[in-house]
Amino acid sequence: LILEDAVDWRPHDKIVLSSSSYEPHEAEVLTVKEVKGHYVRIQERLKHRHIGSVHVMEDGRHIHLAAEVGLLTRNIQIQPDISCRGRLLVGSFRKSSREEFS
């Protein structure tokens with residue numbers, strides 16, 4: 001992957017590569033293999049095609065068309081002291097006008 005900005009990611013970090021099409025299921029979670037400035041090598045093969053280019057408009061404006069890349073490993077992770085199979089969901093959901101889950 002060639003990124004717009006240099007990153008300080010490390011081998012085995014987990015990253016997310018967003019879809020660059022209209023298909024949200026084409027986002028991928030990947031594992032960093034090696035980083036050199038703006039260049040990131042990944043361990044997996046990509047399952048989907050991701051683009052990164054600049055489109056020049058008729059009036060000369062430049063529009064960047066590219067997938068977003070984000071680091072997952074160093075986000076806040078909540079882990080128990082012991083192994084368990086529970087999941088923690090953070091957010092809220094309104095089932096009806098009287099039922100809200102947070």
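Two strands are taken to pair if DSSP finds at least two bridges between them. Helices (H or I, at least four residues) and strands (E, at least two) are DSSP runs, numbered from the N terminus. The structure is a predicted model, in which local features need pLDDT of at least 70, side-chain atom pairs count only at pLDDT 80 or more, and totals for chains, interfaces and linings use all residues. Residues are numbered from 1 along each chain as its sequence is written, and side-chain values use heavy atoms, with hydrogens and water left out.

The chain contains 0 helices and 8 strands, so that, with strands defined as DSSP runs, its elements read β-β-β-β-β-β-β-β from the N terminus on. Of its 102 residues, 16% count as buried, where buried denotes under 20% relative accessible area, exposed over 50%, and partly exposed the range in between (1.4 Å probe, protein chains only). The accessible surface of the chain amounts to about 9,000 Å², and carbon and sulfur atoms contribute 52% of this area; accessible areas come from the Shrake-Rupley method with a 1.4 Å probe, and for residues only the protein chains shown count as cover. Among contacts (heavy atoms within 4.5 Å) with a separation of 6 or more, 41% link residues 24 or more positions apart.

An open sheet is formed by 4 strands in the order β3-β2-β1-β6, with antiparallel pairing. Its edge strands, β3 (39-42) and β6 (69-71), each pair on one side only. From one strand to the next, the twist averages 50 degrees; axes are lines fitted to C-alpha atoms, for helices over the stretch in contact, and angles run from 0 to 180 degrees between N-to-C directions.

Within this sheet, strand β1 (residues 14-17) is joined by 4 bridges to the antiparallel strand β2 (residues 28-36). Lys 14 lies opposite Thr 31 of β2, and Val 16 has Val 29 of β2 as its bridge partner. The antiparallel pairing of β1 with β6 comprises 3 bridges, and here Leu 17 stands opposite Val 69. In a regular strand the side chains alternate between the two faces of the sheet. In β1, Ile 15 and Leu 17 make up the covered face, whereas Lys 14 and Val 16 make up the uncovered one.

Strands β2 and β3 are likewise antiparallel and share 4 bridges, with Val 40 of β3 as the bridge partner of Val 35. These two strands form a hairpin with 2 residues between them, and Gly 37 in the turn has a positive phi of about 65 degrees.

Asp 13 is located in the segment before β1. This residue is buried, with a relative accessible area of 4%. Its side chain reaches the backbone nitrogen of Arg 10 at 2.8 Å. When neighbours within four places in sequence are set aside, Asp 13 is in contact with Leu 30, Thr 31, Val 32, Leu 71, Thr 73 and Arg 74.

Key. A polar contact is a pair of N or O atoms within 3.5 Å; within protein, one must be able to donate a hydrogen and the other to accept it, and residues adjacent in sequence count only if both atoms are side-chain atoms.
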